[in-house]
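Please look over the sequence and the model below. The paragraphs that follow go through its ring pairs and one of its helices.

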Amino acid sequence: MPGPTADTTGAQSTLSRPSDLTGIGRTGVVVLGGLVALGPLTTDLYLPALPALTADLHTNPAATQLTLTFSLLGVAAGQLLFGPLSDRLGRRRPLLAGLLVYSAATLLCLLATTLPLLVAGRFLQGMAGAAGLVIGRAIARDRYDGVAVVRFLASIGLISGLAPMFAPLLGAQLLRVTNWRGTFAALGVLGLLLTVFAFVSLRETLLPADRHGGGLAATLRTIGRLLRDIRFLGLVLTSSFAFGALFAYISGSSFVLQQVYGVSPQTYSLLFGVNSFAIVGMTQLNGRLLAHRFSARALMTAGLAVGAVAAVVLLLLTGVWDLGLAGFCPPVFVMMASMGVVLPNSAAQALTMVEPAAAGSASALLGVGTFLCGGLVAPLSSAGGEPSASVLGAVVLGCSALAGAAYLLLCRPWRVAV
């Protein structure tokens, strides 16, 4: 496969694309931020309603979390579809098609009367919503290189990062006037609005001359070539396991905080928002300051180390010494902050290793790994049938350890500039 197109190991990098946002435009950045935010909103808006949804559908927490698992599996499958498709057809048409299907799938969730039907709707919703996530990253590669990719991801991350901060708060407030179905009604309206804005404001960024026309065989060859690159594979696995640690918290925190520690849906949403702020703030600090001062491998190593230490502390303070909220919240905050370094740097490094014509496939592999891992991890946080802070801490620690091992063993940062 092609070698790296830019030096991403330090503060200085030679950029073959604009280093500012003029290549896409400010309005386009806002719309792309909204499209990327659609994923967190889809996941987080109904988190405060999970206990009520569980009771309404006469099921248990572990079964209810399948709605999260299949949503993430849908996102993984959708990225495999829309990523390579955007390499062949351009970015705009697959994006708009995905948004239309998203709105229809959200309607199915709203009308679901059984858990299997809701799970099916969530899978389709995640699959269609993946279009904005995977194509947004591919657009970044179309226009930018090196550190500029990190800056662009930070720009749309500032917008999309507000979603997990305010989604649970908004969801909790919706529960004051409606039931869990009202959260899906809100998502359906949002999907339609984003479709309109994307149609009006987003231009095509992958010119016909830069597209590949080899069909499925060419797509599979591209994916195979990417997966055979050990450093690219290492970055995908590092990102995937790190996201697994993050999603263990996302999927389990609603039950742990509300049922174990007895907080209200509104208090839960505030705590969730504070921890989300940790990711958003660190992502901005990384993209606007740290990436220009330190090497990517130094940032990745530090982020993974801090996340692992926070996971160990979380397990000790919830499993060995039960300190309640005082032992749960601080290490979670630190762990979430570390994700603001690990996730954008791993994605930026992986994307700058490929040519623009393969950016959709590379973005898809990144997304598939992260959301597949997140989907598989989600039910583990309620292993045993009852919410447990110590079980959640153990899952977070396991994922953090795997992320660090993948980076050290496959990327070998002490030997290769990645």
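Which residues do ring pairs link into a cluster? They are Y249, Y268 and F272. Rings of Phe, Tyr and Trp (its six-membered ring) count as a pair if their centres lie within 6.5 Å; planes under 30 degrees apart are stacked, over 60 edge-to-face, and the rest tilted.

This is a predicted model, in which local features need pLDDT of at least 70 and side-chain atom pairs count only at pLDDT 80 or more, while totals for chains, interfaces and linings use all residues. Residues are numbered from 1 along each chain as its sequence is written, and side-chain values use heavy atoms, with hydrogens and water left out.

The structure holds five aromatic pairs. One of them, W180 with F184, is edge-to-face, at 6.1 Å centre to centre and 90° between the planes. W180 and F184 both belong to helix α9 (residues 180-201), four residues apart, or about one turn of the helix. Helices (H or I, at least four residues) are DSSP runs, numbered from the N terminus. Both W180 and F184 are buried, meaning under 20% relative accessible area (1.4 Å probe, protein chains only).

The planes of Y249 and F272 are at 15° and their ring centres 5.7 Å apart, so this pair is stacked. Because Y249 lies in helix α11 (residues 230-260) and F272 in helix α12 (residues 265-293), the pair ties together parts 23 residues apart in sequence. Y249 and F272 are buried.

Helix α6 is mostly covered, with 22 of its 29 residues buried.

Key: Buried means under 20% relative accessible area, exposed over 50%, partly exposed in between (1.4 Å probe, protein chains only). Helices (H or I, at least four residues) and strands (E, at least two) are DSSP runs, numbered from the N terminus.
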